[in-house]
Amino acid sequence: MGIALIFLHVIIGKAEMRISVIGPVYPYRGGIAHYTTALINAMQQLGHTVQTISFQRQYPGWLYPGKSDKDPSQYSSTFSAEFVLDPLNPITWQHAISKIIEFAPQLVVVQWWTTFWAPAYGIISCSLKRQGLKVIYLVHNVLPHESRRIDIPLASWAFSTVDTYLVQTDLERQRLIGVKPNAKIAVHPHPVYEPLHEPTCTKTEAREKLGLSLQAPIILFFGLVRTYKGLHVLIESLSLLKQHDLNPQLIVAGEIWGREDYVQHVQDLNLVSQVKFDNRYIPDELVPLYFNAADLFVAPYLNATQSGAVKLALGYGLPVIMTKAVATDPDMYENPNIKIIPVNDPAALAETIHLWLAGIWRPKPVGKSDNNWNSLVEEIIRATAPA
């Protein structure tokens, strides 16, 4: 390692910084909120002083078809947050700008995942840069999974206010270049989540509490169910396996948008005895029950950029079958705990589940990944360091 790199490592790894982070945290629910929390915790553990700017309101009710965007978990945050922003109230945008300027951060990290926030984020970022502050967008999705014609102009406008970005896949890097060709882009994979809580029961006890079979192999599909996540493909693969007298159980744990369609699909394929729907947002304290009860995690996504649920499954040590759409980290292809299959291919999924059931694919524990939250923080700071 050269002297310059050693010096940069010392600066990044040891120097304390003042950092403002804009994004959802508890009591808002979902993957981005968990991600923001994990990121801020890592920043604080590295000695940085963090200001968290979150939301008075995340979405208006008419835009969010779920039951609620609030997290029912009995959660105690390890940091304080200022719930300032409302996406439809520009007065709150200025309030957030004032709070950040008063905090005088050396870096502002903005969580980007939806163009709905483009007007607010664009105004805030532009104002902060005029004050001489460094701003980086941490991009989860350049465009929404179910994008509309207006999304590209909204993203282009918001991105015009910021030069530096961190994305988590090479595919998303290419998407960002398509929207902003001259962007300065760093790439760091989505870190693996540590288990949210330590397991407090055995596999048998977890299955008993969830009303699951004690003997059958159990597949877990976890998280908010939307069309792009491909649950219908997994259901069809179970039907193919059933034709060969293979009957693994499936538990679908998470709020389901369009539940009636999936229930009907299961009924039409005569899979009612094999599929259990737990149609609700799963509180953090109950998450270990599902991952401890399961034997296999399946992510049959039709399109995606990365998956927090997959990273959580890997954190719990479950073997994972996923499509190429979500296999965004190069090291996933080398991980013996992961099988990667084509998108929208029930037969390929059924065949891979069969390999697992037959013991032909034998997942084995792997060492702890270096793909962690501390290295993400270091990459964010490195990306914004002077050239």
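In strand β9, V252 is the bridge partner of F221. The model is predicted, so local features need pLDDT of at least 70 and side-chain atom pairs count only at pLDDT 80 or more, while totals for chains, interfaces and linings use all residues. Residues are numbered from 1 along each chain as its sequence is written, and side-chain values use heavy atoms, with hydrogens and water left out.

**Strands β8 and β9**

- β8 (residues 218–222) and β9 (residues 249–253) run parallel and are joined by five bridges; two strands pair if DSSP finds at least two bridges between them.
- Helices (H or I, at least four residues) and strands (E, at least two) are DSSP runs, numbered from the N terminus.
- Five of the five residues of β8 are buried, so this strand is largely enclosed by the rest of the structure.
- Buried means under 20% relative accessible area, exposed over 50%, and partly exposed in between (1.4 Å probe, protein chains only).
- I218, L220 and F222 point one way from β8, I219 and F221 point the other way, and all are buried.
- In a regular strand the side chains alternate between the two faces of the sheet.

**The seven-stranded sheet**

- Seven strands form an open sheet in the order β3-β2-β1-β4-β5-β6-β7, with parallel pairing.
- The edges are β3 (82–85) and β7 (184–187); each has a single partner strand, so one side of each is left without a neighbour in the sheet.
- On average, neighbouring strands of this sheet are turned by 25° against each other, direction ignored.
- β1 (residues 18–22) and β2 (residues 49–55) run parallel and are joined by five bridges, and I22 stands opposite I53 in β2.
- Helix α6 (residues 170–179) packs on the sheet, where α6 touches β5 (135–139), β6 (164–167) and β7, and the direction of α6 makes about 170° with that of β7.
- Contact means heavy atoms within 4.5 Å.

**Helices α4 and α5**

- Two packed helices are described by the angle between their axes and the distance between the axes.
- The axes of α4 (residues 118–130) and α5 (residues 151–159) come within 8 Å and cross at roughly 15°.
- Axes are lines fitted to C-alpha atoms, for helices over the stretch in contact, and angles run from 0 to 180 degrees between N-to-C directions.
- α4 and α5 are therefore roughly parallel to each other, a term for angles under 35 degrees.
- The crossing of α4 and α5 is left-handed, meaning that the near helix is turned anticlockwise from the far one by less than a right angle.
- A118, P119, G122 and I123 of α4 and L154, W157 and A158 of α5 make the contact.
- By class, this contact of α4 with α5 has six nonpolar, one polar and no charged residues.
- Ala, Val, Leu, Ile, Met, Phe, Trp, Tyr, Cys and Pro count as nonpolar, Asp, Glu, Lys and Arg as charged, and the others, Gly among them, as polar.

**Single residues**

- V21 lies in β1 and is buried, with a relative accessible area of 0%.
- V21 and V50 are 29 residues apart in sequence and 7.1 Å apart in space, C-alpha to C-alpha.
- Leaving aside neighbours within four places in sequence, the contacts of V21 include T36, I40, M43, V50 and V109.
- S239 is in helix α8 (residues 231–242) and is buried, with a relative accessible area of 14%.

**Whole chain**

- The protein chain has 13 helices and 13 strands, and buried residues make up 54% of its 387 residues.

Notes
Parallel < 35°, antiparallel > 145°, perpendicular 65-115°, else oblique.
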